[in-house]
Amino acid sequence: LSTKISEFDRVLGGGVVPASIILLGGEPGIGKSTLLLQVSNAVSKTLYISAEESIEQIKVRADRLKINQSEIKLISEGDLESLSSEILKEKPNLLIIDSIQTVYLSSLPSTPGSLVQVRECGIFLQRLAKKSGIPIIIVGHVTKEGSLAGPRILEHLVDAVLYLEGERFHDARVLRGVKNRFGPTNEAGMFSMVG
């Protein structure tokens, strides 16, 4: 599935593989949500679940990027169990979860972002992708040390791990793959953050 963003597709090895799970990591504010909103715009029938930002906040960004919102269904909710029937009913071409640190399973007593919640949400999403055939991109934050926040098992559950990197106060961004079951890990995508 091409995202029609050549730099993104190249890092993935040509595009998004059906039923795959991609983990996109990066520091807060580096541009992960902005990039994925552009990916959503390029792929028809995308379901974008944001447990971090409200619909209004996402719309402001979409307007700034001149994005056609008719192809994107936005949901601002964090409970994956209650969302699963909606996801299966919608059967989107692409599902985006923004972010793994803010979604949760209501059946677990721990708080969103805890090690248990991140691990169990990752397992839940992996099963959902494999059962439904829907590709899923999950946003993950990185720690000050530069590693993905949450348990290492999350990196083992997914098919690809991408990092969006750059200096926050400069416009250059680099997307690189550190794991990819379907393509190379020696490619880099170059992006420029503009007004």
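Buried means under 20% relative accessible area, exposed over 50%, and partly exposed in between, with a 1.4 Å probe and protein chains only. Helices (H or I, at least four residues) and strands (E, at least two) are DSSP runs numbered from the N terminus. The model is a predicted one, in which local features need pLDDT of at least 70 and side-chain atom pairs count only at pLDDT 80 or more, while totals for chains, interfaces and linings use all residues. Residues are numbered from 1 along each chain as its sequence is written, and side-chain values use heavy atoms, with hydrogens and water left out.

**Exercise 1.** Work out how many residues of helix H2 are buried, and name them.

Solution. Begin with the extent of helix H2, which covers residues 32-42. Of its 11 residues, 9 are buried, and the helix is accordingly described as mostly covered. Going along the helix, the buried residues are Lys-32, Ser-33, Thr-34, Leu-35, Leu-36, Leu-37, Val-39, Ser-40 and Ala-42.

**Exercise 2.** Describe the order of the strands in the open sheet, and find its edges.

Solution. Two strands count as paired if DSSP finds at least two bridges between them. On this basis the 8 strands of the open sheet follow the order S3-S2-S4-S5-S1-S6-S7-S8, and the pairing is mixed. The edges are strand S3 (72-75) and strand S8 (188-192), each of which pairs on one side only. On average, neighbouring strands of this sheet are turned by 20° against each other, direction ignored; axes here are lines fitted to C-alpha atoms, for helices over the stretch in contact, and angles run from 0 to 180 degrees between N-to-C directions.

**Exercise 3.** Follow strand S6 and determine how it pairs with S1 and with S7.

Solution. Start with strand S1 (residues 21-26), which runs parallel to strand S6 (residues 160-165) and is joined to it by 4 bridges. Within this pairing, Gly-25 has Tyr-163 of S6 as its bridge partner, and Leu-23 stands opposite Val-161. Next, S6 pairs with strand S7 (residues 172-180) in the antiparallel sense over 6 bridges, where Asn-180 in S7 is the bridge partner of Ala-160. The hairpin of S6 and S7 has 6 residues between the strands, and in it Gly-166 takes a positive phi near 155°. Finally, 5 of the 6 residues of S6 are buried, so the strand is largely enclosed by the rest of the structure.

**Exercise 4.** Identify the strands that helix H5 lies across.

Solution. Contact means heavy atoms within 4.5 Å. Helix H5 (residues 115-132) lies across S1, S4 and strand S5 (136-141), and runs at about 165° to S5.
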